[in-house]
Amino acid sequence: MVDLVESLRSRLANGDALPAERQLADELGVKRHQLRNALKVLRDEGELESPRGRSEGQSRRNGEILAGHTNVLEVIELRLALEPFLARLAAVRATPVEISRIERAATTSPGADRGSTDLAFHRAVAAASGNALAADIYQIIRRVGSDIRLHVQQPVPHCPDRIRQRDREHQAIAQAIRNRAPDLAETAMREHLIRVREQIMARMVPGSQSN
């Protein structure tokens with residue numbers, strides 16, 4: 001079950017749209033009831049939206065179109081404009097269950113995919129904001145940001161110190177939400193994303209901002 005959940009997380013972190021349940025089960029070589037249980041884990045953790053009758057394929061195509069007209073710095077600028085607000089709302093509106101999800105996602109488990117863990121945390125905060133439209137906009141932003149065309153050209157080295165620092169930043173956001181401190185939650189999220197932007201800029205090479 002753990003391996004199956006991690007496999008699905010990796011797909012979502014890469015911006016991959018999940019195919020129909022039968023096809024996905026065949027691709028992964030698992031029984032459909034096993035797949036349903038894994039999908040339920042992701043939904044319970046706030047990492048996967050429940051179906052709302054809209055086309056996931058259309059959402060993916062929209063993300064691909066947007067990715068062709070932007071760059072990685074524009075994505076992080078928009079995240080800076082939106083996510084501190086979502087953290088503020090989460091500090092006011094999050095349910096106890098949602099707060100627990102945020103706190104669990106704030107720490108990277110040993111062996112876990114770092115990208116999937118980061119995405120799970122930010123998705124959990126967005127879901128806990130209580131603003132469905134803003135949370136959906138956030139999902140689109142992350143889908144656009146996951147497009148390979150927007151990746152900086154220098155690879156991201158595996159850095160345990162950076163992962164620990166990121167976890168501390170996530171934990172500070174989670175603690176502010178737990179304490180119902182909207183000002184602190186907003187500030188902590190903004191400071192975290194400013195550091196993310198600095199890291200992106202440090203890895204960029206000439207021409208990487210162009211489409």
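1. Which residues in H6 meet which residues in H9? On the H6 side they are Ile99, Ser100, Ile102 and Glu103, and their partners in H9 are Ala174, Ile177 and Arg178. Sorted by class, this contact of H6 with H9 has four nonpolar, one polar and two charged residues.

2. Before going further, please keep in mind that the model is predicted. The average pLDDT of the chain is 81, and 76% of the residues score at least 70. I would flag two stretches for you. Residues 52-59 stay under 50 in pLDDT, and the model gives them seven contacts beyond four places in sequence. For residues 207-211 the pLDDT is likewise below 50, with eight contacts beyond near neighbours in sequence.

3. On the overall make-up, the chain has ten helices and zero strands. Its pattern along the sequence reads α-α-α-α-α-α-α-α-α-α. Of its 211 residues, 42% count as buried. Taking contacts between residues at least 6 apart in sequence, 79% join residues at least 24 apart.

4. Back to the pair from the opening point: how do H6 and H9 cross? Their axes come within 9 Å, at a crossing angle of roughly 165 degrees. Because that angle is over 145 degrees, H6 is roughly antiparallel to H9. The crossing in which H6 passes H9 is left-handed.

5. Ser100 deserves a look of its own. This residue lies in helix H6, which spans residues 96-105. In sequence, Ser100 and Ala124 are 24 residues apart, while their C-alpha atoms are 9.7 Å apart in space.

6. H9 also packs with another helix. The axes of H7 (residues 114-127) and H9 (residues 160-178) come within 12 Å and cross at roughly 15 degrees. That angle makes H7 roughly parallel to H9. Here, too, the crossing is left-handed.

7. And which residues make this second contact? From H7 come Arg114, Thr117, Asp118, Phe121, His122 and Val125; from H9 come Ile163, Arg166, His170, Ile173, Ala174 and Ile177. The residues in the contact of H7 with H9 divide into six nonpolar, three polar and three charged. When you compare the lists, note that Ala174 and Ile177 of H9 take part in the contact with H7 and also in the contact with H6.

Notes
Residues numbered from 1 in each chain as written. Predicted model: local features only at pLDDT ≥ 70, side-chain atom pairs only at ≥ 80, totals over all residues. Heavy atoms only, no water. pLDDT = per-residue confidence, 0-100. Contact = heavy atoms within 4.5 Å. Axes fitted to C-alpha atoms, helices over the stretch in contact; angles between N-to-C directions. Helix = DSSP H or I, 4+ residues; strand = E, 2+ residues; numbered from the N terminus. Parallel < 35°, antiparallel > 145°, perpendicular 65-115°, else oblique. Left-handed = near helix turned anticlockwise from the far one by under 90°. Nonpolar A, V, L, I, M, F, W, Y, C, P; charged D, E, K, R; others polar. Buried < 20%, exposed > 50% of the residue type's maximum accessible area, 1.4 Å probe, protein only.
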